[in-house]
Amino acid sequence: MGIFNRKKKSQLYLSDRQELTLFGKFGVAASHIVLMIWAVVIIWPLTQMVVSAFNGKQSGYLILNREFEFSLKHFEHLFQETLYLNWVWNTIFIAGATAVLTLFIVSFTGYAYSRYRFKGRKASLMTIMLIQTIPTFAGITAFFTMHSIIASVVPQFTRQMMLILIYSGGAIAANTFILKGYIDSISSELDDAAKIDGCSNMQIYRLIIMPIARPMLMLIGLWSFIGPFMDFLLPRVLLTSPRSYTLAAGLFTLVNDFRTMNQPAFAAGGLLTAVPIVLLFMALQNQLASGLAKGSVKG
Amino acid sequence: MNVTMKKIGKKYEGRDEFTLKDINLEIENKDFCVILGPSGCGKTTLLRMIAGLNSITEGDLLFDGKRMNKVAPKDRDIAMVFQSYALYPHMTVYDNMAFSLSMRKERKQLIDERVREAAKVLQIEDNLYVKPSDISGGQRQRVALGRAMVRNPKVFLMDEPLSNLDAKLREHMRVELVRLHKQLGTTTIYVTHDQTEAMTMASKIVLMDDGKIQQVGKPEDFYNRPENIFVAGFIGSPTMNIIKGSIQEGKFVSDNKLMTVTPHKEHQESLREFEGKKVSAGVRSERFEAGGKYGDTIDVDIEVVEMLGKEKILYCRMDDGHQLTISTPGHYDYDDGQRHSFGFDLEAMHYFDQETGERIN
Amino acid sequence: MATIGIKLYDEIGRTYDRKNTYLKELAILVNQYHNASKEEKQKLKEEIALHKKRKQEHPYYKMYNEFKSKEKIFKKELKKEVQNFRGNLDDDSSSEVKSLKTKDFKAKKTMDFYEHYSELTYEADFKYHEAEMERKHYPELMGIIQEKERQLLEAMTTKKQEAKQTDQKKENQNFQQFKNDKKEELKSNIAELKRKRKEKIISEKAKKTGIAELKKRYKNALQLRKLKNPVVGNNEEIKALKYDLKIIPKRMKRTLSADLADIRRKTPVEVEKIHPVFAFTTFLLPGLGQLLNKQFVKAVLFFIASLFIYLVAVPYSLGYGNYQGEGIAGLINLAEGAPRIFRSLIFMIEGIIAILLSLIAIGLFYISFRDVYGVEKKEAKGVRSKNWYETVTNISQDGFPYVVSMPAFFIVIFIVLVPVITTFLLSFTNMNPQNQSKFNWVGLSNYQRLALGEGLTGSVFWYILGWTVIWTLAATTLAIFIGFFLAIIANNERIIGKKFFRTVYLLPWAVPAFITILFFSIMFSPNGALTDILTGIFGQRIVIKNDPTLTRITLVALQGWLGSAYVFLLSTGVLQAIPSDLYEAADIDGATAWQKVRRITVPIVLFQTAPLLVTQYTFNFNNFSIIYLFNSGGPFNPTRYGNLAGSSDILISYIYKLTMENQHQAVAAAIIIFVSFGLMFFAFLGFRNSKAFREERL
């Protein structure tokens, strides 16, 4: 009995979709080829970088011929001869502080703009958004000097703190808008129920709204954390001593400055920096895509 | 606890007119009071004012004689069930129900007792530790009820709680709510636009339209003695037939002259002063006399016959095209296309002054 | 002559009769005056003046003054009586109850006194009703507190007893036993669930929620069991009672305050003053006006604001406390003639900060003035001023958003606005290599230089602008095209390995851009690997980085590579959200695959992603990293681009070079302003047309 069933099954067409014509089959094959080509276009340069990081035959410069010898000496150089570890710590510190500060401010403003109708609400949001279309570099001339002025009053104010403030400030409007849109979708009947159950304004915010908005908050926090990792311009403008560089500024010195040039070490450093971020992106792929889509759908 | 409203008014800032004005209402202890009305009539605003979610512009709100205008919602000893249940999605059912008590820092023992008790009554004991998104609509509704019950409030406020349920479940919950009310004996104020719910559940109905109270009374009163045309048209399904006309020589004559009704003895007195004036007559669909042999009758053509099993609803037209809805027992024989004569049950005639809409008899 | 209302009004518009007959008569006269003909006006004017002269002999004032003197005596005596009463309370109730009893006593006396004068003046009426309301609340509050205190006492005694009687050790043992039992139960239940999952009887989600549920049950059961221990249970009770004793009086006092505030709203106030004179004291010292209005706590707040104004804003603007600058004056003179160490830029920035502080100060003046003015005007109408409780409630309700947004505004103003304004002002100076430490105002000459293409810095401006525009359009469009195209292909349901492709296509975006750009830069350098490969393919030595056109093409291609990932991700997200019924309906209508793509997929995705795609254009317009990191904006071409810029520089990298490497900050500032205005303009257009704004959902 079993053999008969099996035979019959293979002759059955089980899919809901239409059968493909020859043209259709050709199209599908072509699609796959195109996709594969692009995948190669992406993977090849990246693998080259990975390979170079481990290629011991290179000394100051990168070579991409057949000669390959596995070694970790570039990584050693990175950790011992350069200030790589400082840069890592700096970047994490700045990114983390930015994320925390941004979350703190934006969670309040997002809630206020969503739940309260107050005078100047629309106008102020529009104004801030307009002001923030002015790119941050518009102020580079001033940032450095401003830091000196503030440091004269509060000596503990480091350049890194200035950087953190600039990063946070630059994202307030956009993040408020996004968070506001998300909180808008939380029914205000929950607020009413909480009021009757005995919550004050702050308690409604803390116990009800924020836990529900957590996915969006995490997304915003993630964005604010990654931003400083990727930014090159501001650290270059603001940070003066190599010890205080971020990864972007620091790794750059491994490439452009003849005195500290070491391209393979750069490849190694780049690899080490890229891996965690790529993993992070992978893990949160779904959230990112849906978050972006939501933002776009809301307009 | 009884709830009294004296000359309550509500005016929103920025608007010139009052949304609600001069609302006077007395709700007794253990009442099941239904505030009924079409959308936008102000009933939800009124409920929210009783709850304290909207402010009261003028007038007094009294719970057992104590003035509650400025008391915060959490201090009013009320509980509210929302249309969309408003369950906290990130908490379990247990935590949802316990929330209000834990905000008051009640003893955990007490909280647990109350929650389990309410869960037992509402038959949701098995779902205590799941999140609201994992249970069905009907169960969520019961959780919302449970959350309200746990507070042991003096007044239940309900804002169209059944409107999100399917028809069968709605029927079932109607009975459940009434049973619950009898069991707990708490004063309940219930807002809805569905007159069936009002008629079946209420011990007192308050019909509102356009920010004003149209009538207050028992369901029977609403059905048998509507105070004005609006009420007459709102309550009762199928809708009451309203025919425009005037009083000529003591009789009601419709404008199209096709219908004449000699009023019942008891109604003649009050109709006397409307001689010559415009009057509307109202007849409920089940109060037509089949047979049409004696008294005033009207001839109609039957267009559509709706077969409901226990009754038939005949959608008819008078000769000038005016529609009448007549319901008859199901075992009577009627078909569309037929022409019949119907008489009137004179005791059940309603007469309204066309100008004011007010009831005459 | 200013009008005086014949009746008094409250905030909602209800009217009240005047009790002050003198004022009433005066009001009537003034009213007549305003409605009178010219001849009558003179006569009435004299009448009014006479009336005012005879104010003190008016019968009303006779009675009023009598009342006032009696009130003085009453208040003195009341103080003594209250002290006596308090001293005589000898029962052992708590201090809370005692103070309530005293307050109740005081209220009763107050009621008795003011009752007689309610008709005379609203002040008495007000005090009477206040006291009446208090007497309504206090007895109930006392009752509740006494009951709770009694319960607490009971619980405390029980505690002592229980502590003696309970064998704590045994209790703990029992509890441990219970805990272990429950734990075993939990473990076996969880194992059961896992087994079911293995046999595929239940889904993964069901297993997860089931386990979570079991764990919660377990925790709850433990908690409850703990409470069975009488000592623990009792402690809970005591805690709860203590909390009640703290909260309930607070709650009822809040209600009382709210009810008293209601009386304030309903009892009008009669004042003689018509013109809001106190308001003008604000300009001297904010807080004075509030003091004169008898709103004391508000006055304190505004005094603090005054401190800010006179101790921070004013001195700073005048130059004190500046790091180097001279406040607002420094903005004008820009450190001209000052010693070497003083820099114009610092003067300028501090001047801007000074202006901002002054604006804030002016704002505070304005708020204070409005406040006092409003209160006075309302009082003239009859509206009683708000007491502190009402103000605080207002602020906590309506003011919450303002208070909570303050950090955000603060940061935006100082971190975003000040630099921008600095740059704006800089563009009107001549800060260049010769004028680094000190520079002057030069008006529009920088803009002129750019517009006319003059000078070292200006001549290249238009070339760079042209390349920037081409770059933006080409690179972004390429990226969008690639990403979009790939998304549509990859989204086809018949493609296998979708997850693989999606993951790989994410990489260009996931890997930090500066790493990939630098890497490509290395590989395309004269002795780099890719250069070697290209040389191999084409037979001749091709060094991308030495040729402007090749560099530009490579840059566009590189950005296409980088940017397509983001567009791909975005498009995929939207594509997945398109409901399949659209396609099915199209199938029934007979559409081919190409038609479906062209008429359903493309419009929907474009529409949904349009706002974000627009940001991609602005992003590339300002894409400093790729231009600078790849080839420092090169290759160098002095004949065309002078010494300052390279062939592939875009505006932003040019600005960077001008500012950081060549010290032409003023010209750079002018370019920034020019660029920013353009961006703001486009953004504004974009906002206006965006769905959210049009639907008023902003």
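Colleague: What percentage of the 698 residues of chain C count as buried?

Modeller: A residue is called buried if 20 or more other C-beta atoms lie within 10 Å of its own, exposed if 12 or fewer do, and partly exposed in between, with the C-beta atoms placed from the backbone. By that rule, 31% of the 698 residues of chain C count as buried. Please keep in mind that this is a predicted model, in which local features need pLDDT of at least 70 and side-chain atom pairs count only at pLDDT 80 or more, while totals for chains, interfaces and linings use all residues. Residues are numbered from 1 along each chain as its sequence is written, and chains are lettered from A and ligands numbered from 1 in the order in which they are written.

Colleague: What radius of gyration does chain C have, beside that of a compact globule of 698 residues?

Modeller: The radius is taken over C-alpha atoms, and the globule rule is 2.2 Å times the number of residues to the power 0.38. A compact globule of 698 residues would come out near 26 Å, whereas chain C has 40 Å. The C-alpha trace of chain C spans about 115 × 95 × 70 Å along its principal axes, and its secondary structure comes to 28 helices and 2 strands. Helices (H or I, at least four residues) and strands (E, at least two) are DSSP runs, numbered from the N terminus.

Colleague: How many residues of chain A are in contact with chain C?

Modeller: Two residues are in contact if their C-beta atoms, placed from the backbone, lie within 7 Å. Here 76 residues of chain A are in contact with 80 residues of chain C, and helix H2 (residues 22-54) of chain A gives the largest share of the chain A side, 12 residues. That side divides into 55 nonpolar, 19 polar and 2 charged residues, where Ala, Val, Leu, Ile, Met, Phe, Trp, Tyr, Cys and Pro count as nonpolar, Asp, Glu, Lys and Arg as charged, and the others, Gly among them, as polar.

Colleague: Which classes make up the side of chain B that touches chain C?

Modeller: In that interface, 17 residues of chain B are in contact with 18 residues of chain C. The chain B side has 3 nonpolar, 4 polar and 10 charged residues.

Colleague: What is the order of the strands in the open sheet of chain B?

Modeller: Two strands pair if DSSP finds at least two bridges between them. The open sheet of 5 strands in chain B has the order E15-E19-E16-E17-E18, with antiparallel pairing. E15 and strand E18 (323-329) of chain B stand at the edges with a single partner strand each, so one side of each is left without a neighbour in the sheet. Strand E15 (residues 288-290) of chain B is joined to strand E19 (residues 339-344) of chain B by 3 bridges, with B:Phe342 as the bridge partner of B:Ala290. Strand E16 (residues 297-307) of chain B pairs with E19(B) over 5 bridges, and there B:Asp299 stands opposite B:Ser341.

Colleague: Why does A:Gly221 count as buried?

Modeller: A:Gly221 counts as buried because it has 20 C-beta neighbours inside 10 Å. A:Gly221 is found in helix H10 (residues 214-230) of chain A, and A:Gly221 touches A:Ala99 and A:Leu103, not counting residues up to four places away in sequence. The C-alpha atoms of A:Gly221 and A:Val106 are separated by 10.0 Å, although these residues are 115 residues apart along the chain.
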